[in-house]
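Hi everyone, thanks for making time this morning.

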Amino acid sequence: MKIYAISGLGADERVFSYLELQGELIALQWLKPRTNEPLESYALRMAEKVNQAEPFALLGVSFGGLVAVEMSKVLQPNLTILISSVETKDELSTVYRLLGKTKLAKWIPYPLFDPPRMLASWVFGAKRKALLNEILNDTDLKFAKWAVNALLTWQNTTKLTTPLLKIGGTNDKLLPPQGNTILIENGAHFMIVDRAEEISQIINERLEH
């Protein structure tokens, strides 16, 4: 089975490099967002990259999970996998939802979306700090600003009707696990890299059924 994977905010296929899955992982490249483009519209364009002629799964990490949810609504995959992410806006923290109502992210200058590396390492709980720093160094700040605003203003309240697998870390500071989630003990937001072996095992067991 092909597994179309969507990385986190500003990240790329490097976050999937430690996974060992029983399927062909295809990392989808981010598109350039259109001016004031809502997440739902953006996800429709991302969905065009998926070959629906054969069985497939969608895998979304962090912000990529929100995109995967919106894609799943139109694509009806065999399985949607969310890692360090959420299924609906109600699973976002109250702080995020309040910030979304203020529309504050739209007015923040681009450079402020490039966090100090020590702070980022702590927030992400990264053990492989060098890889996190490489990804942050390569992040398109215009995309990061759009993505943060898209996350804060996400309006989805609909749970998926297709099969869903959610994996979250108990130490995730950015998107703490909510709802029916398989927990990785002491897993942090960067666990897609740091706890890849455990995550791979959980996904592979689900794919076998």
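Predicted model: local features only at pLDDT ≥ 70, side-chain atom pairs only at ≥ 80, totals over all residues.

Let's begin with the helices. Two packed helices are described by the angle between their axes and the distance between the axes. Here I've picked helix α1, residues 39-47, and helix α2, residues 63-75. Their axes come within 8 Å and cross at roughly 70°.

Which residues make the contact between α1 and α2? On the α1 side, we have Leu39, Glu40, Ala43, Leu44, Met46 and Ala47. On the α2 side, look for Phe63, Leu66, Val67, Glu70, Met71, Val74 and Leu75.

The structure has eight aromatic pairs. One of them is Trp30 with Phe63, a tilted pair with 5.8 Å from centre to centre and 35° between the planes. This pair links distant parts of the chain: Trp30 sits in the loop between β2 (24-27) and α1, while Phe63 is in helix α2, 33 residues apart. Are these two buried or exposed? Both Trp30 and Phe63 are buried.

Another tilted pair is Phe143 with Trp146, at 5.6 Å centre to centre and 50° between the planes. These two are three residues apart in helix α6, so about one helical turn separates them. Phe143 has a relative accessible area of 7%, so it counts as buried, and Trp146, with 12%, is buried as well. Now put the rings together on the screen: Trp30, Tyr42, Phe63, Phe143 and Trp146 form one aromatic cluster.

On to charges. Side chains of opposite charge can pair when their charged atoms come close. How many salt bridges are there in the whole structure? The search finds 13, and I'll show you a few.

Glu70 is buried, since its relative accessible area is 6%, whereas Lys73, at 35%, counts as partly exposed.

Lys159 forms a salt bridge with Glu91, with 3.6 Å between the closest N and O atoms. Lys159 is in the loop between α6 (141-152) and β5 (164-169), and Glu91 is in the loop between β4 (79-83) and α3 (94-102), 68 residues apart. Glu91 is buried, with a relative accessible area of 10%.

Then there is Arg128 with Asp194, a salt bridge of 3.8 Å from N to O. Arg128 lies in the loop between α4 (117-124) and α5 (129-137) and Asp194 in helix α7 (residues 191-194), so this pair ties together parts that are 66 residues apart in sequence. Arg128 is partly exposed at 33% relative accessibility, while Asp194 is buried at 15%. There is also a network of salt bridges, linking Asp12, Arg14, Glu134 and Asp138.

Finally, two residues in loops. Thr139 is found in the loop between α5 and α6, and at 15% relative accessibility it counts as buried. Leaving aside neighbours within four places in sequence, Thr139 touches Gly10 and Ala144.

And where is His189? His189 lies in the loop between β6 (182-184) and α7. It counts as buried because its relative accessibility is 4%. Again leaving aside neighbours within four places in sequence, His189 is in contact with Ser62, Ser84, Phe124, Asp172, Leu174 and Leu175.

How values were computed: Residues numbered from 1 in each chain as written. Heavy atoms only, no water. Axes fitted to C-alpha atoms, helices over the stretch in contact; angles between N-to-C directions. Helix = DSSP H or I, 4+ residues; strand = E, 2+ residues; numbered from the N terminus. Contact = heavy atoms within 4.5 Å. Salt bridge = Lys/Arg side-chain N within 4 Å of Asp/Glu carboxyl O. Buried < 20%, exposed > 50% of the residue type's maximum accessible area, 1.4 Å probe, protein only. Phe/Tyr/Trp six-rings, centres within 6.5 Å; stacked < 30°, edge-to-face > 60°.
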